[in-house]
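Hi everyone, thanks for coming. I'd like to take a few minutes to walk you through a structure, so please have a look at the screen.

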Amino acid sequence: MSLVLAVEIDGEGAHPAAWRRAAHPPSEPLGPRRVRHVAEIAERAGFTLVTLDDDLLPPGGGGAVGRIGAVERAAFIAASTSVLSVAPVVSTTYTEPFHVSSQLASVDHIAAGRAGWVVAASPRPEVAAAWGRPAADPGQEALDSVRVVRALWDSWEDDAVIRDVATGRYLDRDRLHYIDYTAAGYTVKGPAIVPRSPQGQLVVLAPHGLVPDAEVDIALVGGADLDAVHRAAAATTTPRTFAEIEVALDTAAADGADRVAELDEHAPWAGGGRLRYTGSPQGLVALLADLDAGGGVDGVRLHPLVLDEDLAVLSQFVVPALINSRLAGRPVPGVSLRQTLGLPRPQNRYALPGEPA
Amino acid sequence: MTRTDPADVPRPDAQLHFGVFFQGVNYWTIWSDPASGSQISPESYRRVAQTAERGLFDAFFLGEGLRLREVDGRIHDLDVAGRPDAITQLSALAALTDRIGLVSTTNTTFNEPADLARRLSGLDLLSDGRAGWNVVTTDNAWTGENFRRGGYLDHADRYKRAEQFLNAARAIWDGWPDPVRIRSEQFTVDVTPSLPRSRQGHPVIFQAGDSSDGRDFAARNADVIFSAHGTDFDDALAFAEDIRARLRAAGRPEDDLRILPGASIVIGGTPAEAEEKAAWVRREQITPATALAQAGLLWNLDLSGYDPDGPLPKDDPRPQDTSGAFGAARVADAQSTIRQWREAADANGWSLRETVVNLGQRSRGHVGTPQSLADKFAHFVRNGALDGFNVSPYLVPHGLDDIVNLLVPALQERGVYRTEYTGTTLREHLGLRPRP
């Protein structure tokens, strides 16, 4: 077994006060250079996947911390990289599933099959006020949204564009499908306006339990210690399961624990029920070896304390050590994220049996 | 067309601006030719955008349609279709280009201001101040079937919502980092903006409506107006004068808005070669099946069983309604158009298809040599009939090559086209005032 390596690269890092230790001017995260720079570090290091956290409202944490939308950043990163996969966080609570479907399918086209979607919810009432909508039930909305989005991704069969000069038809309308989905509070007709994307269905990641396992490719699980992570992983029925790990590493300048303590003086690092590792890079490699040996976990998503510090240590020490010891694989050019994960390209639900998917 | 002495014209120093409109959905884009590339591959978008940037264009445009077009309840299958989400695709192009503006056509009916203002800001920041927003409206319940709210908006309210939406977006763009409170008939929004203003202040606002309401909306709100008035000089000048009058009425300077009509441009080495190429383009666009479909819209009948190489239908047209075709233009006065078609077909001995080729939807645009077109466009722009063209290539991705390689140098020789980008933002390319 080996682990697929993902890293969350939103903002300045996982700690709400991470921006205080950032090694660049405060305005830089909100421009192209920073977005490209961080993605390039992750790609060169050998990560398979980057995720981009998001919501309509700014992340908070004191100071004027801004955030460009994750879909826009994902498209920009997909066009700037060649082997790295990218999965934006897109909330389901108030967004239009039809738009979400189009945006994510477009990222997969741009990325030539290197795209995923981290399904999220927006439980805070402030988000409802920003949308100008009454508060909605996040669980119900997530379920409907994922089902609508996935149905729309299948609403064009792969070979719907026929370019048949003899009959003058560009499309075969028999290979386009109305989805006619009835959700709790709305309906969606379809078909999509975007042709089926290279992967057919993007790789869908979700915190375990947000939506039923049947709608998810990769469940994200946490836990206070390794045992808890293994128990959580054992409870999933998704094709793949990734462990969520927050990391605060020792750097040349300071120990991880000291860096956490300093930032905690400004804002507490609540975390999200994830496993947290503080210490040396070698210790993290050993932890991941134990995680892998325990079975049931196919990959990890790392949440670096401060990107400018911890992502550097990850790329210089941790990822090379994992790859050299075959605890992790490096993604291969020209291969989709599904292929890297060993997942098949899904059959189209609307294609008749015996027809091409 | 004779060469104009620059001293005799109202705007001797005027410069022509080009945008390119990657259409993605309609009969205009030829798909049957072997040179016709993918409508969805990122490579097609990269190629067109980078060619336009090599030609020092102001902007690259993407359209939007939120439901696949239908005729008589069935998906229209004769034209190119299937395209990416505009802001998403443009965010990718921000990484692959340096200077060209990136303009998204995005609807105010099936979006909400806090979300869309933020997406546009993101594109504007990722491109370092090159974003534009072509503000469009949708009023039909048919499109609404893809969205949470369905067909909630009355036709009469679509520009009202668009204007309130735009005002809300501007408040959000200017609000960072403080909370913004929006109260209007259409919107009750409380949002803390996620993003600061870009290098150009706000995304540049484009508007395309040709109705009186649409023109007034543009005169009050837009930085650039598209139009269909860019082929005939007198028609273009009349439109420009109308817009200038509306600008004065709205209390804005006459030079506060750029007029960029949509255009097709066909270039040949000689006049005869250009004419030959234009005829080829038109025949490729109006395939036999497309000829029957366009005539079918006019007659409001299913003509798919007719012979496109035979005569026009003898049938009387069915009265026009608004229920059958969506996303495709209906003809306002079908009876008189059919009478004109019949007279022309009789006089010229045209078949049904030949009649549509010659008289069907949309004029053929500008056809000529690089020199004749450069003279003509210099005349248009120096006389204040327009500020440039939003070019719709008839082939993707190579349809701009002749314009960039042949026409742009001819325009530069005449002093009506930039020889390098002098600014970095879309607002600067268009010569617009800085956003306060």
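I'll start with the confidence values, go through each chain, and finish with the contact between the chains.

First, please keep in mind that this is a predicted model. For the complex, the predictor gives an ipTM of 0.97 and a pTM of 0.96. Chain B has a mean pLDDT of 93, and 95% of its residues reach 70 or more.

Let's begin with chain A. It is built from 10 helices and 13 strands. How does its radius of gyration compare with the globule rule? Chain A comes out at 21 Å, close to the 21 Å that the rule gives for 357 residues, so chain A is as compact as a globular protein of that length. Of its 357 residues, 55% count as buried. Now take the contacts in chain A with a separation of 6 or more: residues 24 or more positions apart account for 74% of them.

One detail in chain A that I'd like you to find on the screen is a hairpin. Strands β5(A) and β6(A) run antiparallel and are joined by two bridges. In one pairing, A:Val161 has A:Leu171 in β6(A) as its bridge partner. Four residues sit between the strands of this hairpin, and A:Gly168 takes a positive phi there, near 75°.

On to chain B, which has 14 helices and 14 strands. A compact globule of 436 residues would have a radius of gyration near 22 Å, and chain B agrees, with 22 Å. Its C-alpha trace spans about 70 × 55 × 45 Å along the principal axes. Here 52% of the 436 residues count as buried. For contacts in chain B with a separation of 6 or more, 75% come from residues 24 or more positions apart.

Chain B is also assigned two parts: domain 1 covers 6–272 + 363–429, and domain 2 covers 287–359. Taken over C-alpha atoms, the centres of domain 1 and domain 2 of chain B are 30 Å apart.

Let me pick out one residue, B:Leu352, which you'll find in helix α11 (residues 352–359) of chain B. Is B:Leu352 buried or exposed? B:Leu352 is buried, because 23 other C-beta atoms lie within 10 Å, and the cut-off for buried is 20 or more. Leaving aside residues up to four places away in sequence, B:Leu352 touches B:Ala291, B:Ala295, B:Tyr306, B:Pro308, B:Gly310, B:Pro311 and B:Leu312. Take B:Ala291 from that list: 61 residues separate it from B:Leu352 in sequence, yet the C-alpha atoms are 7.2 Å apart in space.

Finally, the contact between the chains. How many residues does each chain bring to it? Chain A gives 52 residues and chain B gives 55 residues. On the chain A side, the elements that give two or more residues are the helices α1 (32–45), α2 (70–80), α3 (97–110) and α4 (125–131), along with the strands β5 (161–164), β6 (169–171) and β8 (187–188).

Conventions
Residues are numbered from 1 along each chain as its sequence is written. Chains are lettered from A and ligands numbered from 1 in the order in which they are written. This is a predicted model: local features need pLDDT of at least 70, side-chain atom pairs count only at pLDDT 80 or more; totals for chains, interfaces and linings use all residues. Two residues are in contact if their C-beta atoms, placed from the backbone, lie within 7 Å. Domain bounds come from an automatic or database domain assignment. A residue is buried if 20 or more other C-beta atoms lie within 10 Å of its own, exposed if 12 or fewer, and partly exposed in between; C-beta atoms are placed from the backbone. The radius of gyration is taken over C-alpha atoms; the globule rule is 2.2 Å times the number of residues to the power 0.38. pLDDT is the predictor's confidence in each residue, from 0 to 100. Two strands pair if DSSP finds at least two bridges between them.
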